Amino acid sequence: EDMIVEVDSDEIGNWDNIRSEYEEGGTYRSTLESDGNLVGSPSSQNCDSVAHNRDVVEDVNSWGVVYDEEWQGRTAVLDDYANTSHHTPMYLDQNNMAHIQGETSDPTPYSDLRPEELETVIDFLVDKKQAGQFQTIWASFGNIVQQLISGEIVATYAYEPSVIQARDQGGNVGYPALKEGNWEWNDHWFMTQGCTDRGRQEQFYQLAEWALSPEVGARLHETRGYESGCNRDLVVEYMEENWEEERVQDNLDSMEARQERYDANGDVMAWNNPNPTNLDLYLEEWNRFLSA
């Protein structure tokens with residue numbers, strides 16, 4: 001709706017820091033563009049998973065743990081139509097429980113379902129909900145952290161910051177690579193038309209440059225488990241030059257675990273898509289699930 005304007009990468013002093021995936025022709029380049037024009041600068045990204053209490057179920061390699069009757073009443077799903085209704089079809093399709101083609105296969109069919117596919121997915125979730133599978137349909141970050149620590153929730157999709165917080169509080173929480181693929185997303189900074197109307201472009205470019213600095217990338221990774229748009233080698237170089245060896249190694253281990261989640265995706269990852277082709281139907285069907 002003409003709310004954002006083009007971005008001039010020459011105005012971002014450290015634009016050369018960006019990960020190769022955001023360069024022209026890169027895997028994520030299209031997420032920075034509109035009609036072939038650059039309209040964003042990288043902010044953060046991750047490859048999410050199922051968080052699980054390892055004191056209850058030690059090893060998890062599938063989204064199926066969330067729907068496993070063994071853990072009925074002790075799993076949870078996120079209250080988000082653009083999340084749960086995207087990784088669920090990946091689980092169903094990859095385990096031959098449904099056939100998913102999607103409206104488009106670029107980059108994945110699971111994030112843009114056809115009407116009949118969406119109805120199949122919601123039917124599955126409704127059946128599970130009515131059978132008492134889910135302890136909660138969560139929206140509160142703080143609550144899910146405490147439920148993971150206590151074991152009240154055995155397994156749920158969760159953002160990685162909740163896993164970090166749970167571990168900091170003594171929770172034994174896993175966040176593994178999954179055989180069906182993991183859940184991938186990225187966020188960007190966009191310059192609004194209002195920014196240019198007020199002559200604030202310089203401040204936008206300062207923000208974009210700050211976000212691409214290796215220091216910000218290092219701190220974002222350590223405190224949130226997210227990657228920035230900065231080249232990972234530069235981030236690691238910053239860590240090695242400024243942090244103690246043990247701290248660096250802890251972060252390298254975490255990066256390796258994230259890479260395993262990325263590698264699990266192959267060509268079938270679920271990708272965050274809040275604007276699917278059939279958006280109105282998504283909202284309608286998600287409300288059907290919530291009210292079931």
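Student: In which loop is Asp35 found?
Tutor: A word on the model first: it is predicted, with pLDDT of at least 70 needed for local features and 80 or more for side-chain atom pairs, while totals for chains, interfaces and linings use all residues. Residues are numbered from 1 along each chain as its sequence is written, and side-chain values use heavy atoms, leaving out hydrogens and water. Helices (H or I, at least four residues) and strands (E, at least two) are DSSP runs, numbered from the N terminus. On that basis, Asp35 is found in the loop between strand S1 (33-34) and strand S2 (37-38).

Student: Is Asp35 buried or exposed?
Tutor: Buried means under 20% relative accessible area, exposed over 50%, and partly exposed in between, using a 1.4 Å probe and protein chains only. Asp35 has 77% relative accessibility, so Asp35 counts as exposed.

Student: How many of the residues of helix H1 are buried?
Tutor: Helix H1 covers residues 84-94 and is largely enclosed by the rest of the structure. Its buried residues include Thr84, His86, Pro89, Tyr91 and Asp93. Of the 11 residues in H1, the number buried is 10.

Student: Which elements are included in what covers the buried residues of H1?
Tutor: Covering is a matter of contact, meaning heavy atoms within 4.5 Å. Both strands and helices take part, and they include strand S4 (75-78), helix H2 (115-130), strand S6 (155-158), strand S8 (183-190), strand S9 (270-271) and helix H10 (279-291).

Student: Which side chain makes a polar contact with the side chain of Thr88?
Tutor: Thr88 lies in helix H1 and is buried, with a relative accessible area of 0%. A polar contact is a pair of N or O atoms within 3.5 Å; within protein, one must be able to donate a hydrogen and the other to accept it, and residues adjacent in sequence count only if both atoms are side-chain atoms. The Thr88 side chain reaches the backbone oxygen of Thr84 at 2.6 Å. Its side-chain partner, at 2.8 Å, is Tyr67.

Student: How far apart in space are Thr108 and Met269, C-alpha to C-alpha?
Tutor: Thr108 sits in the loop between H1 and H2, and counts as buried at 2% relative accessibility. Its side chain reaches the backbone nitrogen of Tyr110 at 3.2 Å. Thr108 and Met269 are 161 residues apart in sequence, while their C-alpha separation in space is 6.4 Å.

Student: How many disulfides are there?
Tutor: A disulfide is a covalent bond between the sulfur atoms of two cysteines, and here the test is a pair of cysteine sulfur atoms within 2.5 Å. Cys47 is buried, at 0% relative accessibility, and the cysteine sulfur nearest to it, that of Cys230, is 19 Å away. The count of disulfides comes to zero.

Student: What is the volume of the largest cavity?
Tutor: On a 1 Å grid over the protein atoms alone, a cavity is a set of points where a 1.4 Å probe fits but cannot get out, and a pocket is an open set with protein on both sides within 12 Å along at least five of seven lines; lining residues have an atom within 4 Å of a point. Grid points are joined across faces, edges and corners, and a volume is the space filled by probe spheres set on the points. The count comes to one cavity of 30 Å³ or more. The largest cavity has a volume of about 60 Å³.

Student: Which elements give two or more residues to the lining of the largest cavity?
Tutor: The lining includes Arg19, His221, Glu227, Cys230 and Met255. The elements that give two or more residues to the lining are helix H7 (214-224), helix H8 (232-242) and helix H9 (245-265).

Student: Which element gives the most to the lining of the largest pocket?
Tutor: The largest pocket has a volume of about 790 Å³. Of its 24 lining residues, Ser30, Thr31, Trp271, Asn272 and Asn273 lie nearest its centre. With five residues, the element that gives the most to the lining is S8.
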